[in-house]
Every structure is written in structure tokens, then in C-alpha cells.
Amino acid sequence: MPTRFRVLRLDEVDGYADEGKPRWHMIRTMLGIESFGSNAWRATEAGQEIIGEHDELGEGVGGHAELYLVLGGRATFTIDDERIAAPAGSLVYVQDPSPRFARNAQGDPDLEAIRGDDRFPAAPL
């Protein structure tokens with residue numbers, strides 16, 4: 001019988017961090033989600049870049065929109081060279097392929113951000 005739902009804490013989602021990089025949690029893979037992308041990053045050092053600079057125009061990226069949710073700490077997003085303050089609880093939606101990145105604000109070491117995107121076709125309900 002298929003499981004109707006799962007409840008997990010972010011700490012329970014598989015992830016890893018390379019030296020000097022944020023911890024990456026693979027939510028979509030862990031839950032078997034096929035209709036949208038979902039990952040989380042957790043800072044491992046103060047002042048760290050959490051979401052690497054990217055746009056959605058390069059080879060193999062698909063030009064999808066992205067939604068970020070700041071779970072804890074404070075982030076500073078830069079989108080098209082515009083700086084946006086995003087404290088815990090903020091939603092940042094980037095609809096077009098603008099260059100973007102995010103780092104934990106003012107050395108705040110506990111930034112947690114989740115990204116969802118619309119790159120996958122919707123699965124039937």
C-alpha cells in the first residue's frame with residue numbers, strides 16, 4: 001500500500017557538505033518527488049554563500065522559475081544585481097532567468113533555505 005504522506009525534519013533528510021560549502025539536503029530524492037524540484041541548504045560557516053550564483057539560461061537548466069523559503073537565520077539574495085533582505089519566514093520567488101545567488105546575512109551561521117522549482121511536468125493526482 002502506498003504511503004499517503006510523510007513527515008520529516010530537515011535533519012532527517014539525507015545531505016552532505018563539501019569543505020567550506022553549505023550542507024545540501026536532497027528533499028526531492030529522499031521523498032521520491034517527481035513533479036517538482038526541492039532541495040535545502042544549511043550554512044556550515046558564518047557569511048557563507050548558500051545558493052551559488054546562477055541563472056536559468058545555461059545548458060541543461062531548463063529556464064524554470066524558483067521559489068526559496070528562508071526557514072531560519074537571515075539571507076541576502078542578489079537578483080539581477082539588486083540586493084534583497086530575506087529574514088526567516090521570507091519567500092523569494094524568481095520567475096525569470098535572472099542571475100541570482102544568496103548568502104547568510106551579516107555572518108548569521110544558521111541560515112536554512114529551501115528551493116522549489118517548476119522544471120518537472122505535473123504528476124497526476
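Student: Of the 125 residues of the chain, what percentage count as buried? And then, which rings pair?

Tutor: This is a predicted model, in which local features need pLDDT of at least 70, side-chain atom pairs count only at pLDDT 80 or more, and totals for chains, interfaces and linings use all residues. Residues are numbered from 1 along each chain as its sequence is written, and side-chain values use heavy atoms, with hydrogens and water left out.

Of the 125 residues, 37% count as buried. Buried means under 20% relative accessible area, exposed means over 50%, and partly exposed lies in between (1.4 Å probe, protein chains only). The chain has one helix and ten strands. These are DSSP runs numbered from the N terminus: helices are H or I with at least four residues, strands are E with at least two. From the N terminus, the order is β-β-α-β-β-β-β-β-β-β-β.

Now the rings. Rings of Phe, Tyr and Trp (its six-membered ring) pair if their centres lie within 6.5 Å; planes under 30 degrees apart are stacked, over 60 edge-to-face, the rest tilted. That rule gives two aromatic pairs. Y16 and W24 have ring centres 5.6 Å apart and planes at 80°, so they are edge-to-face. Y16 is partly exposed at 40% relative accessibility. W24 is also partly exposed, at 26%. Y68 and F77 have ring centres 5.2 Å apart and planes at 55°, so this pair is tilted. Both Y68 and F77 are buried.
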